[in-house]
Amino acid sequence: MTNALASAHERMTQNAPFLAGLLARRGATEEALAIADMPVGRRLRLERRHLALAVAEGDLAGTLDLTAVTAALTDFADGALHRAIVAAIAERTPDAVPRGFAAIALGKQGSRELNYSSDIDPILIYDPATLPHRAREDVADAAVRIGRRVLELLQARDADGYVLRVDLRLRPSPEATPIVIPIDAAIAYYESQALPWERAAFIRARAAAGDLTLGQRFLDTIRPFIWRRSLDFGAVGEILDITRRIRDHHAQGQAFGPGYDLKRGRGGIREIEFFAQIHQLIHGGREAGLRAPATRDALAALAAAGRIDAEDARALSEAYMLLRTIEHRVQMIDDRQTHQLPTGEGLDRVARLHGAADGDVLLAELRPHVARVAATFDKLAPPPVAAVAHDAARLADYLGAAGFAETEDAARRVAAWREGRYPALRSAAAQSALEAVLPSLIEALAQSPVPMMALNRLDRLLERLPSAINIFRLLEARPALATLLAEILSHASTLAEALARRPDLLDGLIDASAFEPVGSVAALSATMRAAEAGADYQAMLEHVRRVVGDRRFALGAQIVAGRADPLDVAAGYARVAEAAVEVLTHATVAAFEDAHGRVRGGELVILALGRLGGAALTHASDLDLIYLFTGDFTAESDGAKPLGATLYFSRLAQRVTAALSVPTAAGPLYTVDTRLRPSGTQGPLVVSLDSFARYQREEAWTWEHMALTRARAVYGGPEARAAVEAIVADVLAGARRPRDIAADAASMRAEMAQHKPPQGPIDAKLLPGGLVDLEFAVHVAQLTRRIAFTPELGKAIDALIAAGAFRPELRPAYDLLARLLVTGRLVAPDAQEPAATATRALIARAVMLPDWATVLATLETVRESVAASWQESIAWTSSPT
């Protein structure tokens with residue numbers, strides 16, 4: 001025996017009657033366990049005694065850490081529960097396969113963190129179609145009888161003790177439901193009736209015993225109930241409220257000292273668990289990596305993801321280990337399910353069992369950890385806010401004091417909300433949520449750049465919402481988000497409209513990651529292919545639309561908040577679109593192949609042109625695409641419904657267009673424009689690579705070659721992409737019919753100016769000397785000089801400057817026009833000068849200029865420079881090229 005184990009035995013004998021008894025009866029217990037033929041109930045009771053002693057020895061001797069202790073206790077509980085289920089079924093139907101009955105572990109059993117003397121909190125479910133039962137026996141009655149026998153096997157006490165305490169009160173409506181619930185009824189409850197706190201309980205849920213396949217099917221089905229992409233701050237608020245009620249109900253155990261409740265006391269175990277679970281509820285719906293059931297694992301994951309402070313996570317984890325360890329010491333004394341420190345000699349006994357000199361030393365060890373936990377948890381609870389006056393005159397005065405100039409109009413809007421004028425505001429819950437957030441919301445709106453505009457747009461948003469409860473609770477929980485919302489409503493009608501369609505878009509702005517670059521096309525594609533979308537094609541369409549909507553909204557918010565260069569945002573829009581094309585085309589191809597098979601040697605290739613080809617979209621850009629296919633156009637697909645290659649790829653392209661453009665419940669995606677294909681609207685939707693090459697070389701017009709300068713393959717295998725790019729490069733390099741490019745371009749631009757004039761004085765695209773003129777100048781220079789062929793316009797301008805074909809000031813000219821276009825699509829979509837001074841200031845900031853007057857003066861200078869370069873480009877040569 002080691003010195004550590006000898007010391008543990010001495011402390012056990014002197015301080016813990018329960019452990020002393022286990023030691024004294026160890027030999028008898030081991031002899032009894034050697035008996036082969038024994039009722040399952042007695043064997044489980046003996047095994048529990050044996051385990052209790054072994055775990056205590058390892059714990060007190062320091063050979064088992066907290067993780068090993070709780071794992072051993074949980075493994076035994078899982079195994080005992082499973083064996084009890086199997087035995088209960090076998091006793092009633094000896095020849096049947098034990099299936100159709102499962103135990104879902106919640107609480108600490110679910111997270112594999114059981115206490116030394118803990119009960120278990122399972123939910124028992126059954127499948128009426130597979131549960132064994134006797135002839136002429138109602139299957140529901142059989143399930144209940146099996147459940148009762150399981151409880152009897154686990155909870156019966158005799159001289160050997162008991163196996164486990166079982167608490168079934170966490171099942172749906174325990175006061176009205178049987179102890180075992182049919183799976184469909186359980187699913188229906190959690191999908192429609194469950195209370196918010198039950199979501200938190202299921203964070204740690206696990207199929208633990210019985211028919212594990214059945215249990216996992218149940219958990220998979222209700223997963224959307226637990227992990228919601230749309231944040232429910234009502235659930236967070238309820239958890240905080242539960243904690244407050246616990247503090248009130250267990251007031252005697254709140255104060256630290258003798259009698260302190262290690263679990264429910266202020267700064268105790270429950271507050272650490274709830275701290276982790278609240279942040280998991282907030283972020284776990286979108287970040288699957290945060291769904292760790294165990295408390296310390298959850299804290300570590302949240303810290304690693306930047307969702308909580310790393311030092312908070314470390315401190316809470318350390319406190320959790322110590323508090324749980326002392327909780328075990330308390331329970332080892334008499335095998336009682338208690339969490340409360342004793343007083344007097346009892347506290348000294350717990351301290352000595354732990355290895356401390358006395359109770360004062362133990363309290364000194366605990367005190368700083370409890371204080372840190374309490375302080376950290378208290379930061380979650382928002383401070384109370386003062387109520388806003390209800391009568392009209394006082395409300396108008398309140399709004400005026402807050403900063404509104406049009407106090408009467410503002411007061412009428414707010415009063416209408418309180419009267420429940422819109423469906424989203426009529427329920428008692430909606431009114432309660434409104435009142436809770438109203439003071440901070442009014443403050444944010446009043447301090448916004450254009451308060452009345454923000455208020456009016458919020459009013460229109462509320463008018464269209466089916467429910468406003470969640471958005472109010474979100475704003476209450478994140479006051480800084482109300483400020484950002486007010487800015488968005490003040491400036492960006494486009495984003496306000498998106499919010500009215502999908503209020504959960506606001507969820508994505510709750511942390512700093514929303515203001516970071518959206519990531520690579522590969523990373524975005526991986527997100528769009530995430531498991532949550534499932535294998536169903538329609539589910540994939542919905543999932544991609546939600547991801548695209550999230551990213552586009554966040555990118556727009558970056559401009560409004562002044563957190564990103566519009567040029568970077570434009571590149572982000574393009575990467576999001578390219579990822580959507582890749583993922584949805586891949587899914588559409590797979591679904592199409594299921595019905596029609598594949599064309600041997602052929603595949604679909606998608607060529608992006610325009611702004612997508614140039615990797616710089618705006619919030620409102622459509623997608624200019626050309627569909628091509630490789631292989632033999634006379635071939636036929638090999639599926640159950642074979643099609644000729646041309647018809648096959650034509651129908652496939654139609655489906656891809658629909659996948660990218662048809663609105664679904666998640667909203668619209670993109671407008672797809674295929675008019676740049678060979679022969680335009682008069683030509684087929686899809687052509688072979690050979691036909692495409694022949695058309696570009698022999699028939700294409702100048703405007704089609706200008707479009708080709710920004711062509712970029714965005715879907716297809718590496719060989720197919722390379723083949724398309726080789727054709728494009730060959731054509732641009734001169735393998736094309738000679739045309740008077742300058743004259744054609746000038747004629748085309750004049751016709752365009754006649755039929756599509758600028759919308760307003762800040763139309764960066766269509767004004768004379770705007771982006772269209774600059775793009776035309778670039779493309780004419782590229783085609784006539786046969787240089788600088790790159791799809792990205794900025795890089796092409798750089799190359800033309802380097803070759804001496806363009807003046808150096810054209811690069812900053814492009815940057816200004818591009819920034820103005822991207823920003824204007826959000827905050828001035830009509831291309832008129834904004835009336836609000838604050839919106840003008842936003843545009844000036846976005847285009848890197850000090851004020852609005854400088855914006856207008858610089859725009860005029862840039863337009864003159866671009867117009868001159870455009871004239872120089874068409875004058876450089878008039879010979880066919």
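His279 belongs to helix 12, which covers residues 269-283. In this predicted model, His279 has a relative accessibility of 9% and therefore counts as buried, the limit for that term being under 20%. Beyond the residues up to four places away in sequence, His279 touches Gly284, Leu302, Arg307, Ile308 and Leu380.

Thr338 sits in the loop that runs between helix 14 (310-334) and helix 15 (345-354). Its relative accessibility is 13%, so Thr338 is also classed as buried. Once neighbours within four places in sequence are set aside, the residues in contact with Thr338 are Glu327, Val330 and Gln331.

The interior of the protein may be considered next. In soluble globular proteins, nonpolar side chains tend to be buried together. Here the largest nonpolar core contains 177 residues, and Trp417, Leu509 and Tyr627 have the most contacts inside it. Helix 26, residues 566-596, supplies the largest share of this core, with 14 residues. The surroundings of Tyr627 can be followed in detail: leaving out residues up to four places away in sequence, Tyr627 touches Leu604, Val605, Ile606, Ala653, Val656, Thr657, Val672, Thr674, Leu685, Val686 and Val687. There is also a second, separate core of 85 residues, which includes Ala8, Ile146, Ile179 and Leu366.

Helix 25 is mostly covered, since 18 of its 24 residues are buried. At the start of helix 25, a side-chain oxygen of Asp536 comes to within 3.2 Å of the backbone nitrogen of Gln538. After the helix comes Gly562, which has a positive phi, near 70°.

With a relative accessibility of 10%, Thr784 counts as buried. The side chain of Thr784 reaches the backbone oxygen of Val780 at 2.6 Å. A polar atom of that side chain also lies 3.5 Å from the backbone oxygen of Ala781. Thr784 is 43 residues from Ile741 along the chain, yet the C-alpha atoms of the two residues are separated by 7.1 Å.

The final topic is the space that the atoms leave unfilled. Rolling a probe the size of a water molecule over the atoms shows where empty space is left. In this model there are 3 cavities of 30 Å³ or more, and the largest cavity has a volume of about 130 Å³. The lining of the largest cavity is made up of 13 residues, and those that lie nearest its centre are Arg48, Leu73, Asn115, Tyr116 and Leu164. Helix 4 (40-61) and helix 5 (66-92) each contribute at least two residues to this lining. The largest share, 3 residues, comes from helix 4.

Terms used. Residues numbered from 1 in each chain as written. Predicted model: local features only at pLDDT ≥ 70, side-chain atom pairs only at ≥ 80, totals over all residues. Heavy atoms only, no water. Buried < 20%, exposed > 50% of the residue type's maximum accessible area, 1.4 Å probe, protein only. Helix = DSSP H or I, 4+ residues; strand = E, 2+ residues; numbered from the N terminus. Polar contact = N/O pair within 3.5 Å; in protein donor to acceptor, adjacent residues only side chain to side chain. Contact = heavy atoms within 4.5 Å. Core = buried A, V, L, I, M, F, W, Y, C linked by side-chain atoms within 4.5 Å. 1 Å grid on protein atoms, 1.4 Å probe; cavity = no way out; pocket = protein on both sides within 12 Å on 5 of 7 lines; lining within 4 Å. Points joined across faces, edges and corners; volume = space filled by probe spheres on them.
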